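Please examine the sequence and the structure shown below.

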Amino acid sequence: AFIEELNSNLKKANKTRKQKKIRASDIMPTITIGDAHIGMRADGSETRDRDFDSKIAAKEILAAVDDLTDKMPEAKTGMLVQVGDFEKIMRTAANVMVHTIDRMLNKCDTVQVVVARGNHDTDAALAVQLILEFYYSNEPRINILKSKGFFHYLQWGKWLFGVHHGDKVKAAKLAQIMPRDMPNAWGTTTHRMWFVGHFHHASIQEFEGVTVQKFGTLAPPDAWHAGQGYGSDHTMSMIVFKKDGGKLITCTYEIPKQYSEPDVVI
């Protein structure tokens, strides 16, 4: 009776509906995978860097993807750009792309995917693109860019993006190609950028109205490139673009360089 008396004046709480999380529509997190070279083999004793093969390549890319997506802010739209030279191990390449897309879906309502054709995977890139198209054919949240060419353009808000592997056209020429190919989009945007791979090191060049950003690779050099003196940091990047222009965040994942001992200590 005592308990009933205490409860007599209590009102039942109204049922509350679980609120659907509203993700930001004014930002677009973008992961760019540089020249992955899945299928390349390298011996660290020849290159003064780390050993490398398909299994190592996939493992390192997935670790970078997991790290970057953990740091990724939630948004309505995300973008994945693969700038080419994924090589010819298509099953491994496709698995890497699927893992990356699925990880991004944890943070983004939709994901736009671009698979560029490089000088080492001119045909294989199209095959990977088709694999992803079929794999996600019943998934409306994923849009695989269907393109057979070597130059790709995407517009989002005040941004105009171009994607090209970088082996066929120099940066200065890319700056001229974009307004020629996309005059309307060029005129209605304020920020324009090319995604480029091929060179294995990261850099940004500014031209009139457009920047050309070369993205690094996680892969070490092979014996031929090491013999020519080529080398770079081993990085993968995530950029969060703002719809009205500009960048909100730039985040870089890096594999530390391999320490190499002198051949002889005298």
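Aspartate 53 caps the N-terminal end of helix H3, with a side-chain oxygen 3.2 Å from the backbone nitrogen of lysine 55. The model is predicted: local features need pLDDT of at least 70 and side-chain atom pairs count only at pLDDT 80 or more, while totals for chains, interfaces and linings use all residues. Residues are numbered from 1 along each chain as its sequence is written, and side-chain values use heavy atoms, with hydrogens and water left out.

**Helix H3**

- Helices (H or I, at least four residues) and strands (E, at least two) are DSSP runs numbered from the N terminus.
- At 1.5 Å a residue, the 18 residues of H3 (residues 54-71) should span 26 Å, and the end C-alpha atoms are 26 Å apart, which agrees; the expected span is 1.5 Å times one less than the number of residues.
- Ala57, Ala58, Glu60, Ile61, Ala64, Val65, Leu68 and Thr69 of H3 are buried, that is, under 20% relative accessible area with a 1.4 Å probe, protein chains only.
- These residues cover an arc of only 165° around the axis, which puts them on the same side of H3; the arc is taken from the directions from the helix axis to the C-beta atoms.
- On the other side of H3, Lys55, Lys59 and Asp70 are exposed (over 50%).

**The open sheet**

- Five strands form an open sheet in the order S5-S6-S7-S9-S8, with mixed pairing; two strands pair if DSSP finds at least two bridges between them.
- S5 (152-156) and S8 (203-207) stand at the edges with a single partner strand each, so one side of each is left without a neighbour in the sheet.
- S6 (residues 159-164) and S7 (residues 191-196) run parallel and are joined by six bridges; leucine 160 has arginine 192 in S7 as its bridge partner.

Key
A polar contact is a pair of N or O atoms within 3.5 Å; within protein, one must be able to donate a hydrogen and the other to accept it, and residues adjacent in sequence count only if both atoms are side-chain atoms.
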